[in-house]
Amino acid sequence: MKLDKKDISVLLEMQEMTLEVEGLQKRLEETAQELGLAKGRKAIHREEAVLQKREEALARAKRDLKGVTQDVHSLQQQIESEERKREEFGASDFRRLQQFEEEMVAIRAKKEEVEKSQGDKTIQVENLEKSVRELHLKHSETREKIEEREERFRAKSKKTGEKVESLRAKVKELTLGLSDNKGERFLDMATRAGGVAIAAVERVDLPHEDNLQEGNFCTACQAIVPVSVLEALDGGETAICTHCRRVLIIV
Ligand SMILES: [Zn+2]
């Protein structure tokens, strides 16, 4: 690829812009990490799962409570109806009366047992209701916090996107201004070379003049640039780094 001074200056401008695009995208990714967006989403899902389980436990406890409450009610009805029957007995029927009293003791004991269970279930339902309320509150706080962060990220992402779009448009415009597809070829090269297709030669002054070769490096790959390449560059020719194949320039 034959490049003149004007080509190189345009390509350097393109390189700066493509590197800026890369930098902007990297910063956006870093922002997402700093804001803990992925972690935040996970926290929301975790809390939702806990909340759902707790709500299911509450629904079960409420069903159980309803069941024992019905049991208490029907035992109470049974007691009342037995007591009405008792009034029909004659006081003289001692055996029957005794049997009746024994049955009543058993029913009352059963009712007491069910009432105790009803008390336990009531406490359980109250505790679960309290816990569900607290979890809802905590969850809405988490959501609010994460959504606020996501909103901030969306705003930044939009701004970055607009900047990237405008830089890409400028790169495209510069590409069209270059002959022989130089722009496209440069962009291909840059993609393969981590964004840097054009590298400056770093001249280092060494005490021994005859050691000049060791004093010139490609700034992209740090390889030594031979004197012959330097001379070609000084003579206005295009040169490529023998190590990394980037276009070399003298600045
Ligand atoms: Zn190199």
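Two residues are taken to be in contact here if their C-beta atoms, placed from the backbone, lie within 7 Å, and this is the sense in which packing is described on the tour below, which runs through a predicted model.

Start by selecting helix α4, residues 182–192, and colour Gly-183, Phe-186 and Ala-190, which are buried. These three residues span an arc of only 60 degrees around the axis, and therefore lie on the same side of α4. An α-helix has 3.6 residues a turn, so residues three or four places apart point the same way. Now turn to the other side of α4, where Glu-184, Asp-188, Thr-191 and Arg-192 are exposed. Against which helices do the buried residues of α4 pack? Their partners are α1 and α3, and both helices will be selected in turn.

Next, centre the view on Gly-183, which has its place in helix α4. Gly-183 counts as buried because 21 other C-beta atoms lie within 10 Å, where the cut-off for a buried residue is 20 or more. If residues up to four places away in sequence are left out, Gly-183 touches Met-14, Leu-174, Thr-175 and Leu-178. For a distance across the model, pick the C-alpha atoms of Gly-183 and Ala-38, which are 145 residues apart along the chain and separated by 38 Å.

The crossing by which α1 passes α4 is right-handed. To display this contact, select Asp-7, Leu-11, Met-14, Gln-15 and Thr-18 in α1 together with Lys-182, Gly-183, Phe-186 and Ala-190 in α4. By class, the residues of the contact of α1 with α4 are four nonpolar, three polar and two charged.

Finally, keep α1 (residues 5–34) in view and select α3 (residues 94–176), noting that their axes come within 10 Å and cross at roughly 165 degrees. The two helices are therefore roughly antiparallel to each other, and α1 passes α3 in a left-handed crossing. On the α1 side of this contact, select residues including Val-10, Met-14, Met-17, Val-21, Leu-24 and Leu-28, and on the α3 side residues including Phe-153, Thr-160, Val-164, Leu-167, Val-171 and Leu-174. Sorted by class, the contact of α1 with α3 comprises 12 nonpolar, five polar and six charged residues.

Technical notes. Residues are numbered from 1 along each chain as its sequence is written. This is a predicted model: local features need pLDDT of at least 70, side-chain atom pairs count only at pLDDT 80 or more; totals for chains, interfaces and linings use all residues. Axes are lines fitted to C-alpha atoms, for helices over the stretch in contact, and angles run from 0 to 180 degrees between N-to-C directions. Helices (H or I, at least four residues) and strands (E, at least two) are DSSP runs, numbered from the N terminus. Angles under 35 degrees count as roughly parallel, over 145 as roughly antiparallel, 65 to 115 as roughly perpendicular and the rest as oblique. A crossing is left-handed if the near helix is turned anticlockwise from the far one by less than a right angle, and right-handed if clockwise. Ala, Val, Leu, Ile, Met, Phe, Trp, Tyr, Cys and Pro count as nonpolar, Asp, Glu, Lys and Arg as charged, and the others, Gly among them, as polar. A residue is buried if 20 or more other C-beta atoms lie within 10 Å of its own, exposed if 12 or fewer, and partly exposed in between; C-beta atoms are placed from the backbone. The arc is that of the directions from the helix axis to the C-beta atoms.
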